[in-house]
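The sequence and structure come first.

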Number of protein chains: 2
Amino acid sequence: VSDVRYHVDGRLVPASEAAVDVRDRGFVYGDGAVERLRVYGGDPFEWAAHANRLSRTCETLGFERAIPPTDDLRERVAETLDANGLTDARVRVSITRGIQDRGPTPDPRVDPTVVVTASELPRGGTPGEVLWDEPATLRTVERRRAPEAVLPAAGTQADLCSVLARQEADGDEALLRDLQGTVCGGASSDVFFVRDGTLHTPTADLPIPAGITRAVVLDIADGESFPVEAGRYAVGDLRGADEVFLTDPTWEIRPVGRVDGTEKPVGPITRLCARLFDERVERVHYDRSD
Amino acid sequence: VSDVRYHVDGRLVPASEAAVDVRDRGFVYGDGAVERLRVYGGDPFEWAAHANRLSRTCETLGFERAIPPTDDLRERVAETLDANGLTDARVRVSITRGIQDRGPTPDPRVDPTVVVTASELPRGGTPGEVLWDEPATLRTVERRRAPEAVLPAAGTQADLCSVLARQEADGDEALLRDLQGTVCGGASSDVFFVRDGTLHTPTADLPIPAGITRAVVLDIADGESFPVEAGRYAVGDLRGADEVFLTDPTWEIRPVGRVDGTEKPVGPITRLCARLFDERVERVHYDRSD
């Protein structure tokens, strides 16, 4: 018997009883917003950025006024961590439009369903041991990312595209493009590559995951005065790059060892970004001396 | 206290207890297949076509070998109807990839979650009384349908596009186009229009709902030797049409009274199609004299 407990609609319940109504629109239509958080030393990493994006996703879905205040949400995350004795963990917060039984048409009176789940995930900074076994393999898939005109680029529960891309990638990380063939990123990760000493990443104008880890890497690069370019790239740019890496709340910074059969070294800029990322985590979450 | 019962994972349970695990991939990613059925006189309308499409959707999702046989599914629908004393009803059957806790990557070992819900819906054929109050208003929305390269055109739980389109249409039925501007249909309905005596409907090559009711109307038209054309049309074709109607398992055949502000009469071909539809339902489901 497991003692794991999740937070469902304001209450901590045993994992085996953590369930949502079959009429909940999160189940029926994927009609909800999601954030996947990383927790270090008991505190969510970049909470403000996650709370902000969650709020923006709910705004896109049209029910941002119905969601709990950010302090309330943070409290639910803290309670979930406490209940499970977790300090280094991954957390999933999902807010759906709740139970409404009138077809796809949203009812403006929203009683949202809030679910928080958490599981242990050791702190990174010891590459190769826990967060990932080895550099990732990227495989270009035929499945494409939807443009904004079809679906919001990120943050909703209706993320079947990532599922189908992963299925097609058959064990590798899927490299997704938009309908014009421009590289967007991985199924659950953002992509960076290095060419001639400059860090490149797909622009946020594209339908990309645009994760919080990506934003942190851009901030780190800015602080170090690395040359950075956010733009539109082809798969060939990645294949021809000097270094390639992925960012994701679980993997943090994961080097790519192979792009569609082209081998890549784990290069110095990838290593330096990973080290600077670890230092930031250490400074913000663990170093209580200051 | 309600006596309503739903079928969840092989068991009939009170509606208030009908729930899915928060880790179920139907909830987490919209990773499941769905059919919305119409039941007349205790029997699902066009069961074979629905079962076939459900199977094809699960094939697209890669877990068709894990789903229950069609007779088993039909039995669950029958048990749900019996438990609720329903003979004229609408039914929703959903089959998800089940509980898997490893990110978007699907695990090939699938223990699917099967949910059947049902609610009363009176038999149609008495227009204006129950299934819909008046002819529909169609409003062209900016939200677009995803092409197949992004998502399967129909049949999955990740149907947030329809939700956002309905929200944008603000009480009307949303008229959706693909990214090239070609008309696809309504948020939850297929569209037909009449011009110069010929029935037109978007081709199934487009990302359209392609509902079973649409197929029945095409079959009826074929039986009556109506001229029919399935093609690619612009919104202007609908605005300029002599008649426009929608098909959907709930509405059956619902005339459109207005397309983006252009009024439409409820014309003779719409009326005739609705009458022939009613006659087919009567013959197949209620007329036990033969």
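**Helix packing in chain B**

In chain B, the residues B:Trp47, B:Ala51 and B:Leu54 of H2(B) are in contact (heavy atoms within 4.5 Å) with B:Thr70, B:Leu73, B:Arg74 and B:Val77 of H3(B). By class, this contact holds five nonpolar residues, one polar and one charged, where Ala, Val, Leu, Ile, Met, Phe, Trp, Tyr, Cys and Pro count as nonpolar, Asp, Glu, Lys and Arg as charged, and the others, Gly among them, as polar.

**Basis of the model**

This is a predicted model, in which local features need pLDDT of at least 70 and side-chain atom pairs count only at pLDDT 80 or more, while totals for chains, interfaces and linings use all residues. Residues are numbered from 1 along each chain as its sequence is written, chains are lettered from A and ligands numbered from 1 in the order in which they are written, and side-chain values use heavy atoms, leaving out hydrogens and water.

**The interface of chains A and B**

Chain B and chain A each give 53 residues to their contact. The area buried between them (accessible area, 1.4 Å probe, lost on being put together and summed over both) is about 4100 Å², with 65% given by carbon and sulfur atoms. B:Val22, B:Phe27 and B:Leu160 supply 17% of the area that chain B buries against chain A, more than any other three residues.

Technical notes. Helix = DSSP H or I, 4+ residues; strand = E, 2+ residues; numbered from the N terminus. Buried area = accessible area lost by both parts, 1.4 Å probe.
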